[in-house]
Amino acid sequence: MKLDKQNEIDKTIQFWQKLFIDELNTQNKSFNTIKTYNRVLNEFKEFCYIEEVSSLKDVNKYFFNSYIDYLKQKGLSNNTINLHIATIKHFFKYISENNTDYIDILSNIDKIKKIKDNQKHKEIITFTSLEWDRIKGELLRSLDKAKSYNRYTKPFALFLIYHTGMRADEVLHLKRESFEVEDDVYKIKIKGKGDKERFNYISIDVIKEYLDKLYKLQ
């Protein structure tokens, strides 16, 4: 597999992201782990697109430091930023080991260090797998019970956020034509920062039933 695909950074990252996630699935990684990887890579893909990077070979430590600054400006914690660093390094390692151009892109960012937190350690409370399952179950029950369009849209929006990691404002601006079928997934057109378009993806099996109900209630 070639390192770059069609010389478009969003398509290149999207191409490798699918292969990378497929690899994680074969390793029986948890749903939440894979969801986190996808969320981080989607954020990184958008930043590369906005910055008009032409190739993954151009992602060096200087560019990556700019990405870290971008995450800080968004108000993300040091722990979350460190998660981004670790995830993207893992992603770049996979690409370096599997592209047929034999190009090592990991070495460009491998020396990026995790951010040290000088504050006293604070326990971070996160959802457990059981709690995530309860959230998902409650969303599905709300979708099944809703009999009107107005009652249906809120749980449907949360359902999309849960499965794709999209921002709330991105979901609110979606239209019927935002959803396009591509192979076995829905390709969701999103208007990102600077009015630039990007795409998110969700399996047809996951959403078709609920998307069809949304259209019927309109």
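Strands here, like helices, are DSSP runs numbered from the N terminus, with at least two residues of type E for a strand and at least four of type H or I for a helix. Two strands count as paired if DSSP finds at least two bridges between them.

Before going on, the ground rules. This is a predicted model, where local features need pLDDT of at least 70 and side-chain atom pairs count only at pLDDT 80 or more, while totals for chains, interfaces and linings use all residues. Residues are numbered from 1 along each chain as its sequence is written, and side-chain values use heavy atoms, with hydrogens and water left out.

As background, strands of a sheet pair through backbone hydrogen bonds, either parallel or antiparallel.

Now the individual pairings. Strand 1 is joined to strand 2 (residues 185–191) by four bridges. Besides the pair I opened with, Glu180 is opposite Lys187 in strand 2. The two strands form a hairpin with two residues between them, and Asp183 in the turn has a positive phi of about 60 degrees. Strand 2 and strand 3 pair over seven bridges, also in the antiparallel sense, and there Ile190 is found opposite Arg198 in strand 3.

Met166 lies in the loop between helix 6 and helix 7 (168–172), and at 3% relative accessibility it counts as buried. Met166 and Ile190 are 24 residues apart in sequence and 9.0 Å apart in space, C-alpha to C-alpha. Contact here means heavy atoms within 4.5 Å. Leaving aside neighbours within four places in sequence, Met166 is in contact with Leu160, Ile161, Val171, Leu174, Ile188, Ile190 and Asn200.

Next, helix 5 (residues 129–145). Its 17 residues reach 24 Å from first C-alpha to last, close to the 24 Å expected at 1.5 Å a residue; the expected span is 1.5 Å times one less than the number of residues. Gly137, Leu139 and Leu143 are buried in helix 5. These residues cover an arc of only 160 degrees around the axis, which puts them on the same side of helix 5. That arc is taken over the directions from the helix axis to the C-beta atoms. The buried residues of helix 5 pack against helix 6 (149–164) and helix 8 (204–217). The face turned away from the buried side carries the exposed residues Leu130, Arg134 and Lys145.

On to the cores. A nonpolar core is a set of buried Ala, Val, Leu, Ile, Met, Phe, Trp, Tyr and Cys residues joined through side-chain atoms within 4.5 Å. The largest has 35 residues, and those with the most contacts inside it are Phe44, Val59, Phe64, Ile88 and Phe92. Helix 1 (9–26), helix 2 (31–50), helix 3 (61–73) and helix 4 (78–98) each supply at least two residues of this core. A second, separate core of 20 residues includes Ile190, Ile204, Ile207 and Leu214.

Phe44 lies in helix 2 and is buried, with a relative accessible area of 0%. Not counting residues up to four places away in sequence, Phe44 touches Ile13, Val59, Phe63, Phe64, Tyr67, Ile88 and Phe92. With the same exclusion, Ile88 touches Val40, Leu41, Phe44, Phe64, Tyr67 and Ile109.

Last, two backbone points. Most residues other than glycine have a negative phi. Asn28 has a positive phi of about 60 degrees although it is not a glycine; Asn28 lies in the loop between helix 1 and helix 2 and is exposed, with a relative accessible area of 70%. Glu52, not a glycine either, also has a positive phi of about 60 degrees. Glu52 is in the loop between helix 2 and helix 3, and at 61% relative accessibility it counts as exposed.

Conventions: Buried < 20%, exposed > 50% of the residue type's maximum accessible area, 1.4 Å probe, protein only.
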